[in-house]
Amino acid sequence: MKITILTGAGVSAESGLGTFRDAGGLWTQYDLNDVATPEGFARNPALVHDFYNARRANCAEASPNAAHEALAALAAGAHDVTLITQNIDDLHHRAGSPDVIHMHGELMRALCAQCDARWDAPLVMSPQDPCPACSAKATRPDVVWFGEIPYHMDAIAQAVATADLFVAIGTSAEVYPAAGLVELAQGQTLEINLEPSARANAFDAHRFGPATQVVPAWVAELR
């Protein structure tokens with residue numbers, strides 16, 4: 001069976017990584033216009049780097065949880081699995097999932113805004129860091145900010161449209177285009193979430209509860 005999976009912040013929350021839209025989430029503590037837009041970066045690159053340095057340190061201290069590990073086991077099995085994530089952390093990779101599609105970029109990667117070079121980010125970045133390719137002091141996290149186009153959208157749309165089963169796990173379904181991917185699905189659709197998302201009525205089936213419990217149970221049934 002061809003399975004395409006989309007994961008969101010709810011998959012990594014139980015590893016200790018902050019979600020964005022829940023009560024107490026990161027967007028209640030920071031103004032996204034200041035730390036997650038090209039305009040905010042242009043105004044105050046040091047603030048943006050400080051924000052992502054803290055996220056990077058948090059990610060480095062976290063470990064994959066049972067949901068990450070179950071999805072890696074599923075990908076290693078008999079099914080044809082495509083794993084797409086909205087998350088910028090590297091926990092899917094560290095759990096052993098191959099070929100993860102990061103539609104919102106990767107926290108542990110850096111990008112040159114001048115020449116588009118990409119490289120592994122150090123734990124601490126600053127506005128004074130020169131690009132290793134062109135030497136411009138225009139380095140930024142390789143993450144997709146509000147107002148920017150997510151990565152790999154053609155491949156993502158193809159994977160969703162051709163899947164026998166599309167599964168959204170731990171996503172609020174409030175950020176587009178990720179929230180609209182279920183509309184592209186031609187096969188069965190399943191939402192796995194702590195509680196119904198904003199697009200719950202667009203899915204054929206639902207399973208609710210903590211990702212570390214519900215995802216391993218679902219994967220065990222498939223395997």
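This report walks through the sheet, one loop serine and the aromatic rings of a predicted model.

## Ground rules

Local features need pLDDT of at least 70 and side-chain atom pairs count only at pLDDT 80 or more, while totals for chains, interfaces and linings use all residues. Residues are numbered from 1 along each chain as its sequence is written, and side-chain values use heavy atoms, leaving out hydrogens and water.

## The sheet

Six strands make an open, parallel sheet, running E3-E2-E1-E7-E8-E9. Strands are DSSP runs (E, at least two residues) numbered from the N terminus, and two of them pair if DSSP finds at least two bridges between them. E3 (101-102) and E9 (205-208) sit at the edges with a single partner strand each, so one side of each has no neighbour in the sheet.

E1 (residues 2-7) and E7 (residues 165-169) pair over five bridges. Here, isoleucine 3 stands opposite leucine 165.

## Serine 197

You'll find serine 197 in the loop between E8 (188-193) and E9. Serine 197 is buried at 13% relative accessible area (buried means under 20%, exposed over 50%, partly exposed in between; 1.4 Å probe, protein chains only).

## Aromatic rings

Four aromatic pairs turn up in the whole structure. Rings of Phe, Tyr and Trp (its six-membered ring) pair if their centres lie within 6.5 Å; planes under 30 degrees apart are stacked, over 60 edge-to-face, the rest tilted. Phenylalanine 51 and tyrosine 52 go edge-to-face, 4.9 Å centre to centre with 85° between the planes. Both phenylalanine 51 and tyrosine 52 are buried.

Phenylalanine 166 and phenylalanine 203 have centres 6.3 Å apart and planes at 15°, so that pair is stacked.

Technical notes. Helices (H or I, at least four residues) and strands (E, at least two) are DSSP runs, numbered from the N terminus.
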